[in-house]
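Here is a quick tour of one protein, from the overall fold down to a few side chains. Have the model open while you read.

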Amino acid sequence: MMRSPATLRCAYLCVTLFTLLPPSFSHGTEVNDLQSCAELQGKATPERELECYRQASSTQKSGAQSSKPLLSARGTGLEKEWTPSDATLVSHKLNYTLIYSKTSQTNALPYSPNPRNQVLTALPQDDRDMKIQFSMKHNIGDFDRLGSLWVGYTLLSFWQFYDEAHSRPFRENNYEPELIYSTYPDVLFGKSRFNPDILNFGVVHQSNGQAEPRSRSWNRFYVQTGIEKNYAGDKKFIALLRVWKRIAESPSNDDNLDITQYLGHGEVELRYSQNKNWEATLVLKGRSAQLDLSAPWTAYRLLALVAPSEHNTNIHLQYFSGYGESLIDYNHRHKTWGLGVSFPFE
């Protein structure tokens with residue numbers, strides 16, 4: 001049966017209008033997809049075809065609205081990193097696995113000024129680890145112009161993977177939950193070109209979950225601010241300053257009385273990236289420095305031939321020098337370099 005041009009125009013207009021209606025206007029029965037609707041052409045009445053297209057459009061619209069991304073990327077910019085979104089998790093600190101990490105000096109007898117936290121029996125240690133860091137945050141409250149509330153969690157692990165003789169134990173795990181209130185500097189201070197891009201207030205606990213004498217832990221309040229500069233469209237520079245105040249404990253219960261002498265009262269983080277292809281991050285804290293370099297593995301021709309499709313994985317190189325790479329080593333000076341992969345989730 002041939003339809004006139006006027007009938008076809010009317011049908012097209014009706015379909016368009018129906019797609020704008022909410023699902024509550026549904027009169028049909030089963031949900032259809034567009035392919036099923038196309039198969040009805042010439043086999044059903046025009047009204048039935050229109051109803052099919054309307055249901056299919058409503059279903060697709062509802063599905064698009066309900067879809068919720070699991071992860072949001074680090075490196076997309078300070079404002080986006082701290083703006084509440086539909087993502088379940090947002091990258092916080094770097095996420096990486098150093099497949100091979102080698103230290104210049106192991107710490108077989110960790111020391112603390114508290115006699116209860118002095119290790120007297122040396123444990124054999126390999127000078128090689130697999131070093132793994134997982135760090136995410138989640139928005140639990142959005143107060144519009146007043147800011148947002150976040151919970152963050154970072155797990156840093158040192159796995160003696162190459163020590164087969166001692167059953168490859170985990171040498172150290174550091175657990176770091178935190179609560180963060182992020183607000184907008186322009187709201188607090190009025191709009192000014194001198195304002196930072198972010199302003200965060202947080203409370204953080206960090207411990208290694210060990211029993212005495214290997215127990216190490218501390219709690220802090222902190223303030224963090226940062227600026228972001230973009231150059232030539234594809235180059236980005238970020239500078240972050242975080243200053244903290246340790247929450248005091250009684251000397252008899254303090255696992256590490258002198259920890260601020262080594263880790264200081266704050267840190268500076270500098271990031272430089274280009275076209276999302278590579279990133280350099282330098283963290284200066286107390287008496288230590290850590291440099292991380294990462295680039296997509298598909299940037300390397302050999303690896304691109306092995307896995308030509310796009311990957312959300314970077315080649316990652318890390319160098320650490322000073323004190324406090326882990327809590328058990330907060331007062332142990334050493335140097336470490338490692339090679340592995342990182343996951344920007346972008």
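What follows covers the whole chain, then one threonine, then some salt bridges.

## The big picture

Keep in mind that this is a predicted model. The fold comes to seven helices and 14 strands, and 40% of the 346 residues count as buried. Looking at contacts between residues at least 6 apart in sequence, 58% join residues at least 24 apart.

## Around Thr-336

Thr-336 sits in strand S14, which covers residues 334–342. Thr-336 counts as buried because its relative accessibility is 6%, under the 20% cut-off. Its side chain makes a polar contact of 3.4 Å with that of His-334.

Leaving aside residues up to four places away in sequence, Thr-336 touches several others, including Ser-101, Lys-102, Tyr-319 and Glu-325.

## Salt bridges

The whole structure has 16 salt bridges. In one of them, Glu-325 meets Lys-131 at 2.9 Å, N to O. Glu-325 is in the loop between strands S13 and S14 and Lys-131 is in strand S4, so the pair ties together parts 194 residues apart in sequence. Both ends are buried, Glu-325 at 9% and Lys-131 at 1%.

Lys-93 pairs with Glu-176, with the closest N and O atoms 3.1 Å apart. Here a loop between S2 and S3 is tied to strand S6, 83 residues away in sequence. Lys-93 is partly exposed at 24%, whereas Glu-176 is buried at 5%.

Technical notes: Residues numbered from 1 in each chain as written. Predicted model: local features only at pLDDT ≥ 70, side-chain atom pairs only at ≥ 80, totals over all residues. Heavy atoms only, no water. Helix = DSSP H or I, 4+ residues; strand = E, 2+ residues; numbered from the N terminus. Buried < 20%, exposed > 50% of the residue type's maximum accessible area, 1.4 Å probe, protein only. Polar contact = N/O pair within 3.5 Å; in protein donor to acceptor, adjacent residues only side chain to side chain. Contact = heavy atoms within 4.5 Å. Salt bridge = Lys/Arg side-chain N within 4 Å of Asp/Glu carboxyl O.
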